[in-house]
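Please walk through this model from its overall make-up to a few individual residues. The terms are given their cut-offs where they come up.

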Amino acid sequence: MKASFANVLETEFVVTGLTEDQIYEFRIIARNSAGVSSQPSDSTGSITAKDEVDPPKIDLEAKYSQAVVVNAGETFRLEAAIAGKPVPTVHWQKEGQEIAEAARLELKNTDFTACLVVKEAIRVDGGQYTLLVKNVGGEKSVNINVKVLDRPGPPDGPISIYGVTSEKCSIAWKSPLQDGGSDVSHYIVEKRETSRLPLPEGGIFFFRVLAENEYGVGLPAKTIEPVKISEKPQPPGKVSVVDVTCSSVTLSWEKPEHDGGSRISYYEVELAPKDSETWSLCASGKALETVVTNLLKGEEYQFRVFAVNDKGKSDPRQLAQSVVAKDLVIEPSVRPQMSTYSVQVGYDLKIEVPVAGHPKPSITWTKDGAALKQTTRVNVTDSARHTTLTIKDAIREDGGMYISAFNEKGRSDPRSLAAPVTAKDVTMKPRFMLASNTYSVQNGDDLKIEIPVIGRPVPKVEWKKDGQALKETTRLNVSSALSSTKLCIKDASKEDSGKYTITATSSVGTAELEITVIILEKPGPPKGPVKIEEVSSNYVSLSWEPPEYTGGCQINNYIVEKRDTTTTAWQIVSATIARSTIKVTNLKTGIEYQFRVSAENRYGKSSSIVSSNVIAQYPFSEPAAPGTPIVSAATKENMVVEWNAPTNNGGSPVLGYHFERKEKNSLLWTKLNKLLIPDTRFKTSELEEGIEYEFRVYAENIAGLSPVSKVSVSTVARDPCDPPGNPETTLTRTILTVKDCIRVDGGHFYLKLVNVGGVKMVPVNVKVLDRPGSPDGPLEVKGVTAEKCYLHWNHPSHDGGASISHYIIEKRE
């Protein structure tokens with residue numbers, strides 16, 4: 001019975017539809033273009049339809065013995081030949097995890113090959129890949145190492161900061177876990193200060209470190225916590241003697257000019273006998289004044305003071321002169337720092353006046369010669385070296401006050417104590433005390449901006465946005481105090497970003513300030529439209545404009561997706577595009593696509609803009625068919641065929657032609673050229689004398705093949721006839737007749753003519769058309785399974801005078 005129901009043109013065939021464990025035999029019959037069938041070939045012998053078991057095998061090329069090295073952005077392919085019965089299953093793994101197809105990962109496995117394609121490689125695509133094949137006979141695996149050359153990853157954290165001072169600090173980090181396939185050449189260290197104003201605690205900084213190799217600068221590793229500059233403080237200010245007795249001394253000093261960035265914990269006081277280098281701790285405390293006791297009467301001492309914070313102890317500040325432990329009497333004195341004190345009516349007044357004298361003088365405040373009476377509004381307080389007058393809500397009548405001080409030595413001169421106070425209206429033009437002109441907050445968080453405002457009288461403050469006065473709502477509130485103005489916005493959103501104008505107005509002038517508010521969030525969509533810059537058969541070039549709204553920070557990358565318009569599923573083309581252009585490759589010719597683009601910053605991904613539909617095709621078409629071929633010259637061995645170029649080249653120059661021929665009585669066309677024919681002329685050889693041949697031609701440009709030309713007029717392969725000779729009076733004819741021709745009757749015959757003029761040999765070729773010989777054996781059977789098997793044979797040694805058109809496969813259970 002027949003095993004094939006279609007013409008088999010090759011010398012291989014897969015017989016399907018077998019029954020498991022059934023025994024079969026196969027044989028082959030050849031049929032030529034004359035329609036004659038050969039005798040059957042020898043049988044294959046008995047074959048049982050049963051799966052053969054052969055453990056999996058992997059044939060890996062030698063190049064994979066070394067690491068596969070690719071540059072970032074390139075596409076790489078890993079492939080190997082596989083074998084096994086039954087056909088093994090293929091598994092690609094990376095670092096122990098099964099690899100599934102994704103936007104950049106494509107599996108192209110067949111029964112005989114395993115292939116993994118990784119598109120636009122990135123750093124994380126490097127590593128060890130494992131090819132694992134399995135069937136019932138076992139499993140086999142091989143490893144392939146891939147190195148992707150790229151910028152390095154971020155340095156391994158955390159970043160350690162130590163040895164921080166106002167001038168320097170030490171930073172330590174670890175090498176990146178991924179060096180991008182190239183050694184790190186150096187590191188880049190950057191810092192960012194959180195405030196431009198000098199802070200009483202010292203500056204606050206953030207640091208980040210970036211690694212660089214020959215392929216570029218990698219992503220940064222950042223400090224998580226801010227770095228606060230802190231070191232030991234500067235020495236205290238001037239040290240003074242407040243009081244001395246025969247057994248004690250009272251010292252005071254001023255604060256250090258800088259505390260080293262860390263709060264002063266306490267002060268230490270040391271003493272040493274005069275002209276001695278041996279110092280000893282005698283007092284400590286947080287106050288700027290201390291009493292040193294247990295001194296020896298009449299002894300002379302020197303003193304020094306240290307400031308201490310959590311970073312250490314400052315250098316000492318020494319008392320300018322030594323002190324003798326004995327009772328002193330010093331005339332009282334009062335030294336107001338100003339001759340006149342002024343305050344605006346309605347505001348509080350505070351006057352602190354230094355007082356000297358020993359023993360400590362008693363102090364009396366007078367006004368216009370009369371003792372000053374203390375009230376709930378007027379209050380006097382005294383300390384060791386100062387007397388302080390405080391008046392709340394000053395009125396005009398509070399002017400003209402005097403101070404008296406006296407001790408056992410006497411009374412101070414009242415005239416030198418005069419400290420007149422004038423209560424009057426003070427004017428000052430409005431102005432803003434601004435730390436920064438830019439304020440930022442993440443979308444959804446509350447925004448609070450407080451700006452100091454000074455001026456006398458107190459100015460009126462107005463806020464505007466985009467030239468319009470701010471309208472207060474339950475979410476937005478503006479409030480002003482005597483010395484500041486505040487804007488509070490709850491749940492800040494994109495609409496709150498922009499330029500704000502603050503105007504402070506009083507009777508003596510106007511001040512205006514512009515600040516910028518940035519709401520940090522995901523960006524707006526890229527600015528469209530998506531432009532189709534170039535279209536070809538397998539790629540499309542796109543471009544777009546950056547978003548008008550960036551979300552308050554830099555755009556990190558763009559994400560481009562594509563979809564076949566016959567589906568609704570989008571596929572990521574690339575998610576790491578830094579520029580606003582891309583060339584989308586590996587498209588299928590003739591398929592209609594749509595693309596969409598979104599922007600991404602550190603806070604998220606924007607909405608997308610979508611392109612118009614575009615078909616992946618050349619901007620030109622295939623050429624028209626060439627002209628009908630014409631045989632311009634013919635012999636028994638070759639023919640010269642010519643044709644005209646297509647009337648329309650499709651918009652692209654014709655690259656060349658394809659040339660086919662066949663015998664007139666055959667159905668099969670044979671392509672004669674291996675390379676494109678650049679001319680409109682071709683010489684074909686290896687003809688058989690007496691056979692009629694037909695020809696046809698295809699044109700090809702970059703878009704593809706043209707339709708086939710019309711078929712040429714059939715032409716017989718024979719030499720052209722000589723012109724007839726002169727007529728003779730006598731004609732002679734000779735005839736050779738062979739009955740019941742068989743294949744061996746074909747061949748070369750010679751007719752020998754002899755007369756008195758000489759001898760003439762005339763060759764005659766005879767071709768006997770017969771059925772072909774049996775396919776040349778043996779008939780081989782390969783890959784037998786329960787359902788199918790593969791057959792292989794050789795062409796017959798004799799084709800019966802006509803080319804083999806097809807084969808017939810028969811099977812017998």
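This is a predicted model: local features need pLDDT of at least 70, side-chain atom pairs count only at pLDDT 80 or more; totals for chains, interfaces and linings use all residues.

**A guided reading**

E686 is found in the loop between strand 60 (681-684) and strand 61 (692-701), where strands (E, at least two residues) and helices (H or I, at least four) are DSSP runs numbered from the N terminus. Its phi is near 60°, a positive value in a residue other than glycine. E686 counts as exposed because its relative accessible area is 71%; exposed means over 50%, buried under 20%, and partly exposed in between, with a 1.4 Å probe and protein chains only.

Residues are numbered from 1 along each chain as its sequence is written, and side-chain values use heavy atoms, with hydrogens and water left out.

The protein as a whole has 68 strands and zero helices. Of its 813 residues, 37% are buried. Among contacts (heavy atoms within 4.5 Å) with a separation of 6 or more, 63% are between residues 24 or more positions apart.

Next come the nonpolar cores, each a set of buried Ala, Val, Leu, Ile, Met, Phe, Trp, Tyr and Cys residues joined through side-chain atoms within 4.5 Å. Which residues touch the most other members of the largest core? In that core of 24 residues they are I449, I451, W463, L487 and I515. The elements giving two or more residues to this core are strand 39 (438-442), strand 40 (447-456), strand 41 (460-465), strand 43 (476-480), strand 44 (484-489), strand 45 (498-506) and strand 46 (509-520). Strand 46 provides the largest share, five residues. Leaving aside neighbours within four places in sequence, I451 has contacts that include F432, L434, Y439, W463, I502, L513 and I515. Another core, of 22 residues, lies apart from this one and has I58, A114, A121 and V142 among its members.

Aromatic side chains are a separate topic. A search of the whole structure finds 14 aromatic pairs, that is, rings of Phe, Tyr and Trp (its six-membered ring) with centres within 6.5 Å; planes under 30 degrees apart count as stacked, over 60 as edge-to-face and the rest as tilted. Y24 and F26 form a stacked pair, with 6.3 Å from centre to centre and 25° between the planes. Both Y24 and F26 are buried. Elsewhere, W643, Y657, F659, F682 and F695 form one aromatic cluster.

K94 lies over the face of Y129, 5.7 Å from the ring centre. The charged end of K313 is over the ring of F306, at 4.6 Å from its centre.

Some backbone details follow. K85 and P86 are joined by a cis peptide bond with omega about -10°, and P86 lies in the loop between strand 6 (76-85) and strand 7 (89-94). The bond from G528 to P529 is also cis, with omega near 0°; P529 is in strand 47 (residues 527-535).

P529 is also one of the residues in contact with S543, along with V530, K531, E533, S580 and T581, when neighbours within four places in sequence are left aside. S543 belongs to strand 48 (residues 540-545). Is S543 buried or exposed? S543 counts as buried because its relative accessibility is 9%. Its side chain makes a polar contact with the side chain of E533 at 2.5 Å. Such a contact is a pair of N or O atoms within 3.5 Å; within protein, one must be able to donate a hydrogen and the other to accept it, and residues adjacent in sequence count only if both atoms are side-chain atoms.

Technical notes. A charge sits over a ring if NZ of Lys or CZ of Arg is within 6 Å of the ring centre and within 35 degrees of the ring normal.
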